Amino acid sequence: MTEPKIAVLLPCHNEEAAIGAVVRAFRAALPTADIYVFDNNSTDDTAAIARAAGAIVRQESLQGKGYVVRRMFRDIQADLYVMADGDDTYDATLAPAMIALAQRGPYDLVNCVRRETDAAAYRSGHRFGNHLLTGAVRAIFGDRVEDMLSGYKVLSRRFVKSFPVLATGFDIETELAVHALELALPIAHVEGEYRPRPAGSASKLRTWSDGWRILRLILRLLRHERPLAFFGALGLAAFLAAAVLIAPVIATYLRTGLVPRLPTAVLATGIVLAGALSLTTGVILDTVTRGRRETRLLAYLRHQAPGP
């Protein structure tokens with residue numbers, strides 16, 4: 001049986017306090033894997049420390065985790081990809097079990113559901129935001145994903161090479177989850193400890209601005225992946241608003257035969273036309289979305305499953 005080629009992908013920005021330990025931990029857990037550290041404009045010694053620890057260091061000049069993931073997925077060739085953060089909050093010893101599960105399934109996405117081992121690991125705002133955003137994706141796109149914002153995953157080659165990365169920041173985790181849900185890819189979960197950052201390391205995640213960015217991405221993905229539902233809801237809202245406006249006008253006309261509120265009648269007519277246009281747009285874009293989904297699925301099917 002041929003051993004799969006495994007690549008460990010570690011996006012990093014100013015992680016000199018942790019990256020050395022992370023690289024050594026993954027080297028011990030996965031001795032045959034290639035460990036890549038993608039340095040995203042660090043101003044400290046992240047790259048030098050990672051290289052000294054035995055990692056292959058690459059550079060990405062466009063700032064943002066989404067840009068880094070796009071570069072990693074584009075450049076690195078492997079059968080299975082282990083993606084984690086370079087902040088030493090995840091347990092590297094879990095990686096072999098995650099890889100074995102991906103092969104046994106086979107699963108295209110094995111996601112690590114974070115189990116807090118310290119109250120300092122998770123800020124309360126992050127915890128609430130994760131529950132809120134994961135719940136929104138589960139409600140809209142399907143409930144097969146847990147802890148959507150976890151940064152520790154094992155991905156198959158066919159997942160990576162069929163995934164068109166569009167996100168630029170921390171909203172990349174949302175795109176990964178929706179891609180798996182939209183193509184109905186096999187997904188599995190494991191539970192692993194989530195530790196606080198080591199001393200001298202600071203989180204790059206901004207609770208409110210990044211949370212708002214992720215929420216906007218969910219709305220955009222709803223528009224792109226569920227256009228009939230999105231534009232149909234707008235059309236229905238327009239029809240209801242027009243009905244509320246025109247109801248008294250119709251009642252007056254039936255009683256007196258007059259239309260004294262002509263501007264209201266014209267406004268209601270315009271709103272109905274806008275609603276009809278929105279519904280028509282949704283129908284057309286739904287056909288386009290189906291074609292895009294089929295294209296991604298064909299790209300996915302070009303690669304073998306991650307089984308042994």
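Here are some questions and answers on how terms apply to this predicted model.

User: What should I know before reading the values?

Analyst: Residues are numbered from 1 along each chain as its sequence is written. The model is predicted, so local features need pLDDT of at least 70 and side-chain atom pairs count only at pLDDT 80 or more, while totals for chains, interfaces and linings use all residues; side-chain values use heavy atoms, without hydrogens and water.

User: Why is Lys-153 called buried?

Analyst: Buried means under 20% relative accessible area, exposed over 50%, and partly exposed in between (1.4 Å probe, protein chains only). Lys-153 has 3%, so Lys-153 is buried. Glu-173 also has a value of 3%, so Glu-173 is buried.

User: What makes Lys-153 and Glu-173 a salt bridge?

Analyst: A salt bridge needs a side-chain nitrogen of Lys or Arg within 4 Å of a carboxyl oxygen of Asp or Glu. Here the closest N and O atoms are 3.8 Å apart, so the pair counts. Lys-153 lies in strand S6 and Glu-173 in helix H7, so the bridge ties together parts 20 residues apart in sequence. Helices (H or I, at least four residues) and strands (E, at least two) are DSSP runs, numbered from the N terminus.

User: How do you know that Arg-114 and Asp-147 form a salt bridge?

Analyst: Their N to O distance is 2.8 Å, so the pair meets the cut-off. Arg-114 is in strand S5 and Asp-147 in the loop between helix H5 and S6, so parts 33 residues apart in sequence are tied together. Arg-114 has a relative accessible area of 13%, so Arg-114 is buried. Asp-147 has 11%, so Asp-147 is buried.

User: How many salt bridges does the whole structure have?

Analyst: The search finds 17. One of them joins Asp-85 to Lys-65, with the closest N and O atoms 3.1 Å apart.

User: What makes the buried residues of H3 line one face?

Analyst: Helix H3 covers residues 65-75, and its buried residues are Lys-65, Gly-66, Val-68, Val-69, Met-72 and Phe-73. Seen down the axis, they fall within an arc of 160°, so they line one face. The arc is that of the directions from the helix axis to the C-beta atoms.

User: Why is Leu-254 called exposed?

Analyst: Leu-254 has a relative accessible area of 68%, so Leu-254 is exposed. Leu-254 is in helix H9.
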